[in-house]
Amino acid sequence: MLLYKKSFLIIFFLISTNLFAEYEIEINFESGFEFKNQQLLIETLRKTNSKRKIEKALISEDWIENYSIMQKPFQKKIFIRIKNREPILVLNNKFFYDKDLFRFEYDKSKKDIIFVSAPEDLAEDALQIISRCEASIKIKTIKYSHVTGWDVKTDKFLIRFGKHLTEKKFQNFEDTVNYLFEIGKNPSIIDIRYTDGAAIKYGK
């Protein structure tokens with residue numbers, strides 16, 4: 001399902017000591033207003049006094065994917081367009097990761113996101129699980145254990161992938177979920193650590 005976000009427009013005034021003039025700044029958050037760091041950026045920009053300092057502030061924000069600054073000649077207006085990075089998961093409650101595995105600070109602003117507990121070098125595996133499974137299930141958390149491997153939790157059941165992710169396991173997962181949907185059963189655990197299929201447990 002595609003989610004469409006509305007852009008968020010903010011307008012405020014900047015006192016430029018360099019130009020001895022009051023400038024109006026218009027910020028367009030094209031991806032919407034969803035991070036606490038966006039509000040912090042606005043407060044920072046309120047304290048700047050030049051276009052150069054505005055650009056320096058924007059460059060320092062790791063959650064910004066790209067931006068543009070435009071100032072029309074002979075007008076006391078500065079237009080800023082900002083596109084946010086789109087986080088896919090939160091790793092160890094510290095960092096967001098986007099689809100390109102770009103890491104940026106988790107500012108505690110988003111709760112409706114997949115939380116992953118795993119070594120940092122396994123972030124790509126977590127992203128692979130999400131990309132292969134989210135079309136079939138709604139993932140809440142993903143956890144890696146050196147004992148059991150990957151555990152994926154939904155609001156209804158637990159899926160165990162084991163330590164090594166393979167195409168065969170993902171295919172077994174898809175076949176099992178489709179089968180359960182067809183027969184109308186709700187398991188508590190789907191264990192696909194086995195090479196010849198999946199073990200299904202019902203009840204608590």
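**Contacts, helix and rings**

Analyst: The side chains of E120 and R103 make a polar contact at 2.7 Å; such a contact is a pair of N or O atoms within 3.5 Å, where within protein one must be able to donate a hydrogen and the other to accept it, and residues adjacent in sequence count only if both atoms are side-chain atoms. This is a predicted model, in which local features need pLDDT of at least 70 and side-chain atom pairs count only at pLDDT 80 or more, while totals for chains, interfaces and linings use all residues. Residues are numbered from 1 along each chain as its sequence is written, and side-chain values use heavy atoms, with hydrogens and water left out.

User: Is E120 buried, partly exposed or exposed?

Analyst: Buried means under 20% relative accessible area and exposed over 50%, with partly exposed in between (1.4 Å probe, protein chains only). The relative accessibility of E120 is 46%, so E120 counts as partly exposed.

User: Which residues is E120 in contact with, leaving aside its neighbours within four places in sequence?

Analyst: Contact means heavy atoms within 4.5 Å. E120 and L91 are 29 residues apart along the chain, yet their C-alpha atoms are separated by 7.5 Å. Beyond its sequence neighbours within four places, E120 is in contact with L91, Y97 and R103.

User: Why do the buried residues of α4 line one face of the helix?

Analyst: Helices are DSSP runs (H or I, at least four residues), as are strands (E, at least two), numbered from the N terminus. In α4, the buried residues are K169, F170, N172, F173, T176, V177 and L180. Seen down the helix axis, with directions taken from the axis to the C-beta atoms, they line one face because they fall within an arc of 155°.

User: Which elements do the buried residues of α4 pack against?

Analyst: On the other side of α4, K168 and E182 are exposed. The buried residues of α4 pack against α3 (123–133), β11 (158–162), β12 (189–194) and β13 (197–201).

User: What is the angle between the planes of F29 and W63?

Analyst: Rings of Phe, Tyr and Trp (its six-membered ring) pair if their centres lie within 6.5 Å; planes under 30 degrees apart count as stacked, over 60 as edge-to-face and the rest as tilted. The structure holds eleven aromatic pairs. F29 and W63 form a tilted one, with 6.4 Å centre to centre and planes at 35°.
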